[in-house]
Amino acid sequence: METPGKAASGPADALDGSNRDGIVAGLVAYTLWGFLPVYFKAVDSVLASEVLVHRIVWAVPFGALILATRRQWPEVSKAVSTARTMLWLAAAAAFIAINWLIYIVAVQHD
C-alpha cells in the first residue's frame with residue numbers, strides 16, 4: 001500500500017509482504033499442480049477411487065493442522081453450526097470430489 005504523498009517507484013514497491021506471499025503461494029501451487037499428472041500416471045495401477053480416498057483422508061488432518069496453526073477453529077465452528085451452511089459445504093465437497101475423480105481417471109487413461 002502506498003504511503004500518502006509517496007508514489008511507488010516500481011512494481012516491486014507496489015507489492016507488500018502479503019501480496020508477495022500470495023504470489024509465492026500461487027507459484028508453488030501451480031508448480032505442484034503441474035507435477036500431479038506425473039504422480040497420477042505413476043500410480044495408475046491403483047484404482048482412481050482409491051487415490052481419491054487417500055487424497056481426502058490425508059487432506060483432513062493437514063487442513064486441521066492449518067486451521068489450528070491459524071487459530072481458525074472458532075470460524076469453523078460458526079460455519080458448521082447451521083444446516084444451510086453444512087448443505088452448501090457438503091455440495092461443494094461432492095463437486096470437488098467428482099472433479100478430482102474425473103481428473104485422476106483422465107490422467108490415468110491418457
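I looked first at contacts (heavy atoms within 4.5 Å): among those in the chain between residues at least 6 apart in sequence, 70% join residues at least 24 apart. I keep in mind that this is a predicted model, in which local features need pLDDT of at least 70 and side-chain atom pairs count only at pLDDT 80 or more, while totals for chains, interfaces and linings use all residues. I also note that residues are numbered from 1 along each chain as its sequence is written, and that side-chain values use heavy atoms, with hydrogens and water left out.

**Elements and surface**

I looked up the helices and strands, which are DSSP runs numbered from the N terminus (helices are H or I, at least four residues; strands are E, at least two). The chain has five helices and zero strands, and its elements run α-α-α-α-α from the N terminus on. For burial I used relative accessible area (buried is under 20%, exposed over 50%, partly exposed in between, with a 1.4 Å probe and protein chains only), and 9% of the 110 residues of the chain count as buried. By the Shrake-Rupley method with a 1.4 Å probe, where for residues only the protein chains shown count as cover, the accessible surface of the chain comes to about 8,900 Å², of which 71% belongs to carbon and sulfur atoms.

**Aromatic rings**

I then searched the whole structure for aromatic pairs and found six. Rings of Phe, Tyr and Trp (its six-membered ring) pair if their centres lie within 6.5 Å, and planes under 30 degrees apart count as stacked, over 60 as edge-to-face and the rest as tilted. How are the rings of tryptophan 33 and tryptophan 100 arranged? Their centres are 5.5 Å apart and their planes stand at 80°, so this pair is edge-to-face. The pair links distant parts of the chain, with tryptophan 33 in helix 2 (residues 17-42) and tryptophan 100 in helix 5 (residues 83-108), 67 residues apart. Tryptophan 33 is partly exposed at a relative accessible area of 41%, whereas tryptophan 100 is buried at 8%.

The rings of tryptophan 100 and tyrosine 103 also have centres 5.5 Å apart, and their planes are at 85°, so I record this pair as edge-to-face. Both residues lie in helix 5, three residues apart, about one turn of the helix. I list Trp33, Tyr39, Phe40, Trp100 and Tyr103 as one aromatic cluster.

I next checked for a charge over a ring (NZ of Lys or CZ of Arg within 6 Å of the ring centre and within 35 degrees of the ring normal). The charged end of arginine 55 sits over the ring of tryptophan 100, 3.7 Å from its centre.

Aspartate 110 lies in the segment after helix 5 and, at 77% relative accessibility, counts as exposed.
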